[in-house]
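Colleague: I would like to learn how to read a model like this one, feature by feature. Could you take me through it slowly, giving the general idea before the particular case?

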Amino acid sequence: MTPPAITGLILAGGQGQRMGGADKGLQRFHDRPLVEHVEARLVPQVSTLLISANRNLARYAALGHPVLQDDLPDYPGPLAGLLTGLAACTTPWLLSAPCDTPGLPLDLASRLLAGIGEHKLAYPTVDGRAHPVFCLCHRSLAPQLRAFLASGQRKVMRWCDD
């Protein structure tokens with residue numbers, strides 16, 4: 001698969017509760033906002049980049065990529081951003097990454113693609129721990145994810161395991 005078949009999504013829609021309400025993607029790291037580091041690493045791997053954000057929309061839009069807000073109220077978590085990304089995705093695959101991961105692999109898309117096989121979802125495992133917010137998923141999973149969220153579920157790993 002080449003980059004034209006993958007849309008990238010930066011997940012920047014959280015409340016930043018563990019950071020006193022700060023917008024994580026806009027926190028500076030090596031003189032640049034974290035989101036810019038993630039953007040620089042994802043752009044070469046995808047044909048289109050989207051940003052999922054629920055505040056500071058103009059600052060994210062200044063990066064030059066479409067900014068999507070969650071369709072669901074009350075900051076329901078990264079799965080809401082993923083669902084919004086899947087709805088806007090025009091390629092078969094969506095590659096997501098959190099906004100606060102400046103060192104994500106430059107070959108994340110190809111690594112996850114290698115793990116897809118017959119599945120419609122792949123995410124990395126590092127030192128025995130799953131990291132499902134970094135995922136490559138097929139856009140056909142949108143209805144399943146919408147139903148999962150409508151049932152009141154929010155845990156990323158639980159959705160991935162279903």
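This is a predicted model: local features need pLDDT of at least 70, side-chain atom pairs count only at pLDDT 80 or more; totals for chains, interfaces and linings use all residues.

Colleague: In which strand does Cys135 lie, and with which residues is Cys135 in contact, leaving aside its neighbours within four places in sequence?

Modeller: Cys135 belongs to strand β10, and, once neighbours within four places in sequence are set aside, Cys135 is in contact with Leu82, Leu94, Leu95, Ser96, Leu112, Leu121, Ala122 and Tyr123. Thr91, by contrast, is 44 residues from Cys135 along the chain, and their C-alpha atoms are separated by 15 Å.

Colleague: How should I read the pairing around β10, and which strand is joined to it by 4 bridges?

Modeller: The general idea is that strands of a sheet pair through backbone hydrogen bonds, either parallel or antiparallel. Here strand β6 (residues 93-98) is joined to strand β10 (residues 135-138) by 4 bridges, and the two run antiparallel; within this pairing, Trp93 has His138 of β10 as its bridge partner.

Colleague: What is the order of the strands in the open sheet, and which are the edge strands?

Modeller: The open sheet has 6 strands in the order β5-β4-β1-β6-β10-β7, and its pairing is mixed. Its edge strands, β5 (67-68) and β7 (121-122), each pair on one side only.

Colleague: Which strands pair with β1 in this sheet, and in what sense?

Modeller: β1 pairs with β6 in the parallel sense over 6 bridges, and Leu11 has Pro98 of β6 as its bridge partner. β1 is also joined by 6 bridges to strand β4 (residues 48-53), again running parallel, and there Gly8 has Leu49 of β4 as its bridge partner.

Colleague: How do I read the two faces of a strand, and are the faces of β1 covered or open?

Modeller: In a regular strand the side chains alternate between the two faces of the sheet. Both faces of β1 are covered, with Ile6, Gly8, Ile10 and Ala12 buried on one side, and Thr7, Leu9 and Leu11 buried on the other. Since 7 of the 7 residues of strand β1 (residues 6-12) are buried, the strand is largely enclosed by the rest of the structure.

Colleague: And for helices, which residues of α1 are buried, and what do they pack against?

Modeller: An α-helix has 3.6 residues a turn, so residues three or four places apart point the same way. In helix α1 (residues 34-42), the buried residues are Leu34, Val35, His37, Val38, Glu39 and Leu42, and they pack against β1, β2 (28-29), β3 (32-33), β4, α2 (57-61) and β6. Helix α3 (residues 78-88) is mostly covered, with 8 of its 11 residues buried; among them are Leu79, Leu82, Leu83 and Leu86.

Colleague: Stepping back, how many helices and strands does the chain have, and what radius of gyration would a compact globule of 162 residues have?

Modeller: The chain has 6 helices and 10 strands. A compact globule of 162 residues would have a radius of gyration near 15 Å, and the chain's value of 15 Å agrees with this. Buried residues make up 45% of the chain, and, of the contacts between residues at least 6 apart in sequence, 65% join residues at least 24 apart.

Technical notes
Residues are numbered from 1 along each chain as its sequence is written. Side-chain values use heavy atoms; hydrogens and water are left out. The radius of gyration is taken over C-alpha atoms; the globule rule is 2.2 Å times the number of residues to the power 0.38. Buried means under 20% relative accessible area, exposed over 50%, partly exposed in between (1.4 Å probe, protein chains only). Contact means heavy atoms within 4.5 Å. Two strands pair if DSSP finds at least two bridges between them.
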